[in-house]
Amino acid sequence: MEKHCTNSQVKGVSTGTTILAATFDGGVVIGSDSRASMGGEYVSSKTINKVIQVHDQIFCCMAGSLADAQAVTKAAKFHLSFHSVQMESPPLVISAASVLKELCYKNKDELQAGFITAGWDRKKGPQVYVVALGGMLMSQPVTIGGSGSTYIYGYVDAKYKPNMSRDECLQFATNALALAMGRDNVSGGVAHLVVITETGVEHVVVPGNKLPKFHDE
């Protein structure tokens, strides 16, 4: 999901990333690595937080062109803030995902960005939605994305279980990110994780040297 440029052009900054979200019994975990790359070869930053809060209990992870993704999330925050004032209540998670979908679809010829939206609301509890490149919207209990995701599909299929506990889901997400970051040359840095439940939001940061190791690194 990176911009492909000719040698005469400046290569756009990409999140060159691993992102994921998974529901558990009573909540959801959303997380990502922290690297940004240029052209899939040069790591331009090791400290990008790709887990963006778009409302009180709704977060999204971004992949693709960093500038495009940041512009979309900024617009989504404004839309959702206005929506909550109009409705006099917090927005639903599906509303946030739909706002991102509309922004991506209406600008699909100009934008190269995809999102995972996750959160908790009073109507459906914990939810995860995928907004794919171009604006397709899907609901899934667990999803992964970005360049590093290709290395962990087998792990996610084998290890994810519905109705896990909070601690089990947090460990599952941490392990998945660690595996992807160990293999993907443009995923790395620290693991940013957010746990969202009815009672609130918890931010968890796992430094690179504290991530689980599964092979010689």
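Helix axes are lines fitted to C-alpha atoms over the stretch in contact, and angles between N-to-C directions run from 0 to 180 degrees. This is a predicted model, in which local features need pLDDT of at least 70, side-chain atom pairs count only at pLDDT 80 or more, and totals for chains, interfaces and linings use all residues. Residues are numbered from 1 along each chain as its sequence is written, and side-chain values use heavy atoms, with hydrogens and water left out.

**Overall make-up**
- The chain contains four helices and 13 strands, taken as DSSP runs (helices: H or I, at least four residues; strands: E, at least two) and numbered from the N terminus.
- Of the 217 residues, 50% are buried, that is, under 20% relative accessible area with a 1.4 Å probe, protein chains only.
- Among contacts (heavy atoms within 4.5 Å) with a separation of 6 or more, 64% join residues 24 or more positions apart.

**Confidence**
- The average pLDDT (the predictor's confidence in each residue, from 0 to 100) is 89, and 89% of the residues score at least 70.
- Residues 1-11 stay under 50 in pLDDT, and the model gives them 22 contacts beyond four places in sequence.

**The pair α1 and α2**
- The axes of helix α1 (residues 66-87) and helix α2 (residues 93-106) come within 10 Å and cross at roughly 135°.
- The two helices are therefore oblique to each other, a class left over once angles under 35 degrees (roughly parallel), over 145 (roughly antiparallel) and 65 to 115 (roughly perpendicular) are set aside.
- Residues of α1 including V72, A76 and L80 belong to a group that meets a group in α2 including A96, V99 and L103.
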